[in-house]
Amino acid sequence: MQKVKGIKILLVDDEPSILEFLEMGLVNEGFEVQTAQDGMTAVTLAKQFEPHIAVLDVMMPGMDGFEVCRMLKKGSNIAVIMLTAKDDVDDRVKGLNLGADDYMAKPFSFEELLARIQARIRNQFPNLMGEVAIGPFRVDDRRREIVYMDQVLELSPTEYELLKFMILNQGLVLSKTMILDKVWGYDFVGDENIVEVYIRSLRDKLNDKEHHLIRTLRGAGYRMDLS
């Protein structure tokens, strides 16, 4: 896992023990971290600190995480990862509709949170990382070039965006709907099976005949596996 300097993270949770644990781990990974135990403090602190990413608990007294998310997202490119004590679909939908970029249910592992933070950096702040090397891939967004096993891949614009999205979110399950939203855009109205067509093309270009790189998870979507 790359250590990234210069990335600011705001942690918001009303449980001091959680804040202390996460702050210690993220500082050790090279991040600049500030913490808040309530929503109002978080909003005020964000104006001064200008974080790239907020890790935000939903259930807090006073101003809850949903309202904090709405206020943080107003006129800002901040990435928001929301935490909840329950894996509630309605909560996830509400948070995502307010602009949250990711969602995790407690309890969670620090390694999973770190992976999701790295994914948000690669997706929303790639300029802070320059060329990104992940497993056998190198992604250079400035040159719109992906190198695999030291060979530059010949990709169409859509293939490039799809493969980049899968590499930057490697290890995560990506549904067809999510892929269509992120690669083709929210206004796409075609057949979702187009994703299968492009996945097949990428597998051919990666010589992934056994589907070891791009795995199909029946009923769930796809996962880029670089383990």
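Is Asp-150 buried or exposed? Asp-150 is exposed, with a relative accessible area of 65%, and it returns in one of the views below. Welcome to this protein, which is shown here as a predicted model: local features need pLDDT of at least 70, side-chain atom pairs count only at pLDDT 80 or more, and totals for chains, interfaces and linings use all residues. Residues are numbered from 1 along each chain as its sequence is written, and side-chain values use heavy atoms, with hydrogens and water left out.

**View 1. The whole protein, with its eight helices and eleven strands.** Helices (H or I, at least four residues) and strands (E, at least two) are DSSP runs, numbered from the N terminus. Of the 227 residues in the protein, 46% are buried; buried means under 20% relative accessible area, exposed over 50%, and partly exposed in between, with a 1.4 Å probe and protein chains only. The accessible surface comes to about 11900 Å², and carbon and sulfur atoms hold 49% of that surface. These areas come from the Shrake-Rupley method with a 1.4 Å probe; for residues, only the protein chains shown count as cover. Among contacts between residues at least 6 apart in sequence, 55% join residues at least 24 apart, where contact means heavy atoms within 4.5 Å.

**View 2. Helix α1 (residues 16–28) meets helix α5 (residues 110–124).** Two packed helices are described by the angle between their axes and the distance between the axes. Here the axes come within 11 Å and cross at roughly 55 degrees. Axes are lines fitted to C-alpha atoms, for helices over the stretch in contact, and angles run from 0 to 180 degrees between N-to-C directions. α1 and α5 are therefore oblique to each other: angles under 35 degrees count as roughly parallel, over 145 as roughly antiparallel, 65 to 115 as roughly perpendicular and the rest as oblique. From α1, look for Phe-21, Leu-22, Gly-25 and Leu-26; from α5, Phe-110, Leu-113, Leu-114 and Ile-117 complete the contact. Seven of these contact residues are nonpolar, one is polar and none is charged. In this grouping Ala, Val, Leu, Ile, Met, Phe, Trp, Tyr, Cys and Pro count as nonpolar, Asp, Glu, Lys and Arg as charged, and the others, Gly among them, as polar.

**View 3. Helix α6 (residues 157–168) packs with helix α7 (residues 176–184).** Their axes are 10 Å apart, at an angle of about 125 degrees, and α6 and α7 are therefore oblique to each other. On the α6 side you can find Thr-158, Glu-161, Leu-162 and Phe-165, which meet Met-178, Ile-179, Lys-182, Val-183 and Trp-184 in α7. This contact is made of six nonpolar residues, one polar and two charged.

**View 4. Helix α6 also has a partner in helix α8 (residues 194–205).** The axes of α6 and α8 come within 10 Å and cross at roughly 80 degrees, which makes α6 roughly perpendicular to α8. Thr-158, Glu-159, Leu-162, Leu-163 and Met-166 of α6 touch Tyr-198, Ile-199, Ser-201, Leu-202 and Lys-205 of α8. The residues here divide into six nonpolar, two polar and two charged.

**View 5. Met-82 sits in strand β4 (residues 79–84).** With 0% relative accessibility, Met-82 counts as buried. Cys-69 is 13 residues away from Met-82 along the chain, and the C-alpha atoms of the two are separated by 8.4 Å.

**View 6. A cis peptide bond links Lys-106 to Pro-107.** Most residues other than glycine have a negative phi, and most peptide bonds are trans. The bond from Lys-106 to Pro-107 is cis, with omega near -5 degrees. Pro-107 belongs to the loop between β5 (102–105) and α5, and at 81% relative accessibility it counts as exposed. The C-alpha atoms of Pro-107 and Thr-84 are separated by 8.7 Å, with the two residues 23 apart along the chain.

**View 7. Glu-50 has a positive phi, and so does Asp-150.** Glu-50 is not a glycine, yet its phi is about 50 degrees. You will find Glu-50 in the loop between α2 (39–49) and β3 (53–57), where it is exposed, with a relative accessible area of 57%. Asp-150, from the opening question, has a phi of about 70 degrees although it is not a glycine. The loop that holds Asp-150 runs between β8 (145–148) and β9 (151–152).
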